[in-house]
There are 2 protein chains.
Amino acid sequence: MNAAPETGYGQHVAIIGLGLIGGSIARGLRVAGGAASIVGCVATTEDAKRAVELGIVDEATTDLGKAVAGADLVVVAVPVGAMADVFADLARAMPAAAVITDVGSVKMAVITAAREQLGARIGRFVPGHPIAGTEHSGLEAGFGALYEDRRVILTPTPETDRDAFAAVEALWRALGARVTEMDAAHHDEVLAATSHLPHVLAFALVDTLARMAERTEIFEYAAGGFADFTRIASSDPALWSDIVSANRDAVLPVLDRYIGDLEALRGAIAGRDGAMLTSAFGRAKQARDRFASQYIQDQG
Amino acid sequence: MNAAPETGYGQHVAIIGLGLIGGSIARGLRVAGGAASIVGCVATTEDAKRAVELGIVDEATTDLGKAVAGADLVVVAVPVGAMADVFADLARAMPAAAVITDVGSVKMAVITAAREQLGARIGRFVPGHPIAGTEHSGLEAGFGALYEDRRVILTPTPETDRDAFAAVEALWRALGARVTEMDAAHHDEVLAATSHLPHVLAFALVDTLARMAERTEIFEYAAGGFADFTRIASSDPALWSDIVSANRDAVLPVLDRYIGDLEALRGAIAGRDGAMLTSAFGRAKQARDRFASQYIQDQG
């Protein structure tokens with residue numbers, strides 16, 4: 001075991017779940033080189049073996065208690081729907097001073113679960129959400145640079161200890177991310193609009209087309225625009241079912257607003273109201289072009 | 001003027017409109033080197049000057065009659081809503097034997113306009129649609145490789161002369177495209193599903209979000225998935241207003257089907273029906289993954 005440099009996030013890191021998000025944290029930390037040990041907790045002994053073979057972590061186990069035994073920092077990177085059970089196990093197994101954070105795409109539901117399960121340890125919990133990902137999932141999907149220059153939103157509760165917050169902030173900084181603090185309810189509204197709703201719309205479109213009689217031919221004549229538009233429909237179905245269910249109260253209002261706007265556009269198409277269509281499409285283009293020029297670093 | 005090799009599509013090509021689609025045809029033909037002359041017709045003398053400076057065409061003019069005077073083949077690459085007027089002018093100015101084709105994203109409406117305006121010349125008309133494009137538009141947006149290995153759908157009418165069809169087929173083959181023949185009504189249904197509907201959905205989403213109070217912050221926390229999903233919302237608003245209006249009869253049924261499916265998903269989210277959501281999202285992922293493995297050559 002090395003004498004690692006002071007990193008601010010602790011010497012011993014345990015990561016529960018080594019999918020795209022957790023696996024990328026592990027890989028990134030190994031590149032950064034700050035932690036003395038990185039232990040992963042996965043669902044099967046096969047995955048544990050493979051995670052070490054792939055060099056994602058120093059050690060991997062299916063035993064949560066063993067994974068977190070000596071941890072300074074525990075990162076919970078399991079689907080939102082599985083977090084309550086993990087929190088319950090952590091409350092029993094984790095060292096009292098260990099900091100715990102999560103990576104869930106929904107924050108209110110995760111905080112509720114943490115309050116119920118972590119009990120007196122709630123002060124050590126720092127809710128977090130990295131705004132990064134791809135449509136791929138699983139042990140092989142992660143990569144160390146996933147969080148470079150990406151935003152991570154932390155949504156501390158009134159109970160969150162400041163030193164715990166600082167440790168989690170240091171973790172993300174070590175991975176090259178830009179950390180922002182936000183109110184959990186506000187986070188859930190913003191993400192419902194920019195992430196959860198688009199996923200629902202993309203899944204819905206591909207499913208609608210896939211159930212049409214001419215499905216094969218339809219996809220055969222789809223072009224690059226369709227490929228981009230539907231990329232997020234290749235995301236993990238169970239994970240996203242979990243996310244939109246957990247964030248129901250924020251997703252429904254923006255989904256209703258969208259359906260209303262879509263019905264207005266439908267009326268304009270039916271009435272061949274070119275002025276209304278051009279005006280709505282024009283507002284959208286203007287907003288999207290501004291977004292592209294301000295926030296997209298990669299391909300136009 | 002060179003003694004050009006036999007190309008099958010004629011020595012003298014006139015292209016009406018030098019935006020993304022027309023400009024890319026011109027650039028591609030110059031690279032292919034088959035045509036003795038490529039003349040462009042544009043809206044302003046400034047654009048005409050610029051088109052020649054950029055090397056898109058040999059000559060450019062704002063005078064349609066002059067542009068098509070010696071043409072063997074005329075490519076109409078203007079927005080769908082502007083085609084009827086161009087056809088009317090062509091019927092007066094075009095040599096009797098010249099072949100005419102278009103690149104419109106909608107075929108039934110264009111064929112109706114062609115029948116009304118071209119009169120006895122309807123046999124020389126070969127309706128076409130290249131399944132290629134980007135979200136960019138204008139004189140500078142085109143590039144010669146746009147059609148390489150892309151599909152082009154030709155939807156000949158019962159009146160279309162076979163030699164005219166062969167000439168247009170040769171044009172697209174020279175640009176590296178794969179030519180398919182299809183019934184015009186069927187084309188419009190397939191494209192409504194894979195192109196016109198996705199554009200409406202993407203424009204609608206960005207417009208919905210842009211009109212929310214927290215618009216700036218919302219876009220600030222959007223990630224790569226959102227950038228891909230909304231890329232087509234940067235397309236030309238007037239062009240797309242035209243397209244969905246012209247293809248209203250094919251767009252409305254698939255839009256209605258989509259809204260219906262979306263409302264069913266809304267019900268499942270409201271009822272936290274994870275099984276229904278996972279099942280719908282799963283069908284979508286399966287179809288999208290199959291599409292990606294079969295039809296996307298570029299980035300995953």
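1. A salt bridge here is a side-chain nitrogen of Lys or Arg within 4 Å of a carboxyl oxygen of Asp or Glu. The pair joins two chains, because Arg151(A) sits in strand S8 (residues 151–154) of chain A and Glu220(B) in helix H8 (residues 215–220) of chain B. Helices (H or I, at least four residues) and strands (E, at least two) are DSSP runs, numbered from the N terminus.

2. A word on the basis: this is a predicted model, where local features need pLDDT of at least 70, side-chain atom pairs count only at pLDDT 80 or more, and totals for chains, interfaces and linings use all residues. Residues are numbered from 1 along each chain as its sequence is written, chains are lettered from A in the order in which they are written, and side-chain values use heavy atoms, leaving out hydrogens and water.

3. Arg151(A) is buried at 16% relative accessible area, while Glu220(B) is partly exposed at 24%. Buried means under 20% relative accessible area, exposed over 50%, and partly exposed in between (1.4 Å probe, protein chains only).

4. Arg231(A) and Asp228(B) also meet in a salt bridge, 2.9 Å from N to O. Arg231(A) is buried at 7% relative accessibility, and Asp228(B) is buried at 12%. Both belong to a salt-bridge network that also includes Glu135(A) and Glu135(B).

5. Do have a look at Asp207(B) and Arg283(A), whose salt bridge spans 2.8 Å, N to O. Asp207(B) is buried at 5%; Arg283(A) is partly exposed at 34%.
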